[in-house]
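Here's a quick tour of a two-chain model. Take a look at it first, and then we'll go through the main points together.

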Amino acid sequence: MEALQGLSWGIIAPIFIIQLILVIVALIDLTKIHQTNGPKWVWALVIIFINIVGPIAYFIAGRKQA
Amino acid sequence: MRELVVLFQKEWRENTRNFKILWVPLVFIFFGLSEPLTSYYLPQILDAVGNMPEGTTFPMPEFTPAQVIMATMGQYQFIGMLVLVLAFMGTISRERKNGTGTLIYVRPISYLNYFLSKWKVVGMIALMSVWLGLLTSWYYTGLLFGKVEASDFFAFAGTYSVWILFVVTIVLAMSAWLPTGGAAGLSLLLILIVQIVDSLLGTYWTISPWKISTYATQWLTGSPDSGDFWWSIAITILAIIALMIFGVWMSKRNASKTKV
C-alpha cells in the first residue's frame, strides 16, 4: 500500500464523488420505482457492490419503463 | 412550432424522470477523469497490483497531452458509443410498445415534429455529456501532463460533435424503424463494426463519416487534410439529414404498430 501514498487525493476525489452520486441516485430511484426487471434486492446488491457499472446496468436494464 | 415546443417539453420531462439527463453525462465525465488519471498513475498502479519481481524496470511510455485526450476519445468511441446506443435505443420503439405512442399518435401531430423533438433532446443530452467529459479530460490533462492549446481542443471537440450527432441520428432512425432489440443491434453494427471495418480497409478511401473521429484527433497534433476533412463533414451532414427523413418516414409508417 506504500505505493498509494504518493497519490494526491484532491485530484482523485472527483472519481469517487461521481461513483457515489451514481450509486445514490440509482438507489433513490430503486426505492421509488414500482417494479423492476427481476427482483429489487438483487438490483440493490448490484448497484452497491459493482463499481460504476452496477448503477449504469440498473439504469439501462433494470428500470421497467412503463 | 407550438407543437414542437410541447413535444420537446414532454421529451425533456421524460428524460429528467428516468435520470438519463443525469447519469449519461456522469458516465462520460467519469471516463474523462479516469483516462488522464490512470495514464498518470500507471507506474504506481503497476507497483501496487503488478506483483513485479524486485528490480524490474519498465520503460514507461511518455504520454504527450494530445495522446491523453486521444485516449479519452478512444474510450468514448467504444464504451461511450455503447452507452449512447443502450440508453437511447428505445426512444421511439419503446413508446410503441408500452402504449405511450398510442396517446401521442391519436392526436393530429406532424411526425416531423415528433421525430425532431426526440432528436433535439437526445442530441442535447449526448452533446452535453461528451463536452462535459472532454472538458474534464482537457482540464486534467492540463493539470497532470501539460497544456493543449484551446484552439486545438475546440477544433477537436467541435469535429467530434458532428460524429456524435451522426451517432444519435442513427440510433433514433433505427429506433423508429425496428423494435428496441433490433434497433440496438443494428445501431451497434453501424457504429462500432463499420468503424472497425473502416479502420482496417479504410486506407482505400479518405471520405467517410466513420473517419470523422480520426480527423478530429488530427486537430490536436496538426490539422487534417482540409479537402478530405470538409468532404467528410459534408457527407456526414447529408447522411444525418437522410437518416432523419428516414426516421420521420418510419415513425409514421410504424405508428399503426403501437400497442393499445
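**Chain A: what the record says**
- Across residues 21–63 of chain A, the model has 74% helix and 0% strand, with the end C-alpha atoms 18 Å apart.

**Chain A: how confident is the prediction?**
- The average pLDDT of chain A is 85, and 86% of its residues score at least 70.
- Confidence in chain A is highest in helix H2 (residues 40–49), with a mean of 92.
- Helix H1 (residues 9–32) of chain A has the lowest confidence, at a mean of 90.

**Chain B: the annotated spans**
- For chain B, an unreviewed UniProt entry places "transmembrane region" at residues 21–42, 68–89, 121–141, 153–174, 186–207 and 229–249.
- One of these, residues 68–89 of chain B, is 95% helix and 0% strand, and its end C-alpha atoms are 30 Å apart.
- Residues 229–249 of chain B come out as 100% helix and 0% strand, and the end C-alpha atoms of that span lie 30 Å apart.

**Where the two chains meet**
- How many residues does each chain bring to the contact? Chain B brings 22 residues and chain A brings 20 residues.
- Together, chain B and chain A bury about 2100 Å², and 81% of that is on carbon and sulfur atoms.
- The count of salt bridges between chain B and chain A is 0.
- There is 1 residue pair in polar contact between chain B and chain A, with both residues at pLDDT 80 or more.
- On the side of chain B that touches chain A, helix H2 (20–40), helix H3 (42–49), helix H5 (93–98) and helix H7 (111–144) each supply at least two residues.
- H2(B) gives the most to that side of chain B, with 10 residues.
- Sorted by type, the residues on the side of chain B that touches chain A are 14 nonpolar, 4 polar and 4 charged.

Methods: Residues are numbered from 1 along each chain as its sequence is written. Chains are lettered from A and ligands numbered from 1 in the order in which they are written. This is a predicted model: local features need pLDDT of at least 70, side-chain atom pairs count only at pLDDT 80 or more; totals for chains, interfaces and linings use all residues. Side-chain values use heavy atoms; hydrogens and water are left out. pLDDT is the predictor's confidence in each residue, from 0 to 100. Helices (H or I, at least four residues) and strands (E, at least two) are DSSP runs, numbered from the N terminus. UniProt positions are given in the numbering used here, feature names are shortened, and annotations may be inferred rather than shown by experiment. Contact means heavy atoms within 4.5 Å. Buried area is the accessible area (1.4 Å probe) that two parts lose on being put together, summed over both. A salt bridge is a side-chain nitrogen of Lys or Arg within 4 Å of a carboxyl oxygen of Asp or Glu. A polar contact is a pair of N or O atoms within 3.5 Å; within protein, one must be able to donate a hydrogen and the other to accept it, and residues adjacent in sequence count only if both atoms are side-chain atoms. Ala, Val, Leu, Ile, Met, Phe, Trp, Tyr, Cys and Pro count as nonpolar, Asp, Glu, Lys and Arg as charged, and the others, Gly among them, as polar.
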